[in-house]
Amino acid sequence: MNARISHDRHPDVPEEFPEIQRALLDWYRANARDLPWRHTRDPYRILVSEVMLQQTQVDRVIPRYHSFLERFPTAEALAGAPTADVIREWAGLGYNRRAVNLQRAAKAVVDEYGGEFPSDVATLKSLPGIGPYTAGAIACFALEQDVGFLDTNIRRVLHRLFVGPEVPEQSRNQRQMESLATSVVPAGNGWEWGQTLIEFGALQCTARNPACLTCPVQDRCRSFPQIQTVLAELGRNGFRRKQEAPFEGSNRFYRGRVLRALQESPHDTDGLNLDLLGSRVRDDYTRSHEPWLRDVIDGLARDGLVEIAEERDPYDSGPSNRVRLPGTVSHHRPESD
Ligand code: SF4
């Protein structure tokens with residue numbers, strides 16, 4: 001992926017591609033939202049925005065992007081902060097593993113690259129927690145390189161426009177889509193093109209309700225008009241099944257509750273013992289739930305989101321565990337004999 005742009009036309013790209021591209025860029029200039037990360041070329045800020053935008057809506061990200069950068073304005077500041085502070089700052093955004101990975105990436109930039117982000121996609125991809133999309137986004141949106149890359153929105157837009165609706169009989173595989181994404185990047189204008197595809201996928205060619213009737217490339221789109229029938233069919237099957245998956249009571253639901261309980265505990269405490277933590281995570285908690293709670297906590301510890309410290313309870317004969325956010329300073333003083 002992100003290979004050099006070829007000047008040969010890709011087999012999926014029609015001859016009238018320059019007009020399609022012009023129409024999309026014009027659409028972007030007329031409709032783009034004024035988003036804070038479009039005003040910067042700082043790779044660290046772009047990284048923060050991209051990580052936050054994974055699985056969180058733009059409206060919710062904007063205030064959190066500002067407050068996060070106020071607290072951790074540089075990769076150095078983030079790398080040097082206690083992980084507990086980073087997780088607390090992330091509170092409410094969900095998918096807390098993103099916060100830990102973001103800090104790991106910042107640490108790698110500081111420790112291995114002297115605080116300067118690498119300037120090529122392959123090296124960016126080698127940073128912890130940075131996949132092909134985020135590496136491409138940093139290269140494109142911070143370093144203004146003409147690179148092609150894919151996320152769900154970009155993939156959908158390109159597939160619908162140049163291939164057809166994303167249905168099994170017609171789908172292109174990842175490698176084919178990467179090659180298509182790379183081939184359509186306009187030389188010297190990769191930044192605006194990348195923003196255009198993302199914005200077009202977010203506002204016009206959305207997953208479930210593409211606004212085909214007002215689409216500037218409707219007459220050249222390989223999915224129009226059958227896309228509406230395909231989506232109606234998917235709505236009856238796939239989308240509905242997805243909606244039915246219950247979140248409440250799932251492992252992710254309880255992981256979130258454990259972290260929220262720790263984020264809400266005072267900064268200078270030593271964490272929470274299992275009984276107290278359990279009672280904050282579920283109303284019906286009893287000691288019989290302890291093996292289950294330990295499983296949830298072990299999963300969080302494996303992801304670097306919590307630490308488990310063993311302590312001796314002065315009122316009990318055996319050791320017990322306290323759970324805390326990583327890097328929380330221990331204030332516990334064992335009682336002297
Ligand atoms: S016509 Fe519809 S499916 Fe095709 S690009 Fe426009 S919005 Fe997307």
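**Notebook: core, ligand shell and a loop residue**

I began with the largest nonpolar core, which has 72 residues, and I noted Ile87, Ile138, Leu158, Ala181 and Val258 as those with the most contacts inside it. I am working from a predicted model throughout. Looking up where the core residues come from, I found that helix α2 (residues 43-53) supplies the largest share, seven residues. Domain 1 (17-240) and domain 2 (251-324) both contribute residues to this core, so I recorded it as lying between them.

I then took isoleucine 87 by itself and, setting aside its neighbours within four places in sequence, listed its contacts as Asn96, Ala99, Leu259, Gln263, Leu305 and Leu325.

Next I turned to helix α10 (residues 174-183), whose buried residues are Met177, Glu178, Leu180, Ala181, Thr182 and Ser183. These buried residues pack against α9 (152-162), and Ala181 is also among the residues with the most contacts inside the largest nonpolar core.

For the ligand, I counted 14 surrounding residues, of which the closest are Cys205, Pro210, Cys212, Cys215 and Cys221. Sorted by class, this shell has 10 nonpolar, three polar and one charged residues.

Last, I looked up aspartate 120, which I located in the loop between α6 (97-113) and α7 (121-125).

How values were computed: Residues numbered from 1 in each chain as written. Predicted model: local features only at pLDDT ≥ 70, side-chain atom pairs only at ≥ 80, totals over all residues. Near = placed C-beta within 6 Å. Nonpolar A, V, L, I, M, F, W, Y, C, P; charged D, E, K, R; others polar. Core = buried A, V, L, I, M, F, W, Y, C linked by C-beta atoms within 7 Å. Buried ≥ 20, exposed ≤ 12 C-beta atoms within 10 Å, placed from the backbone. Helix = DSSP H or I, 4+ residues; strand = E, 2+ residues; numbered from the N terminus. Domains from an automatic or database assignment. Contact = placed C-beta atoms within 7 Å.
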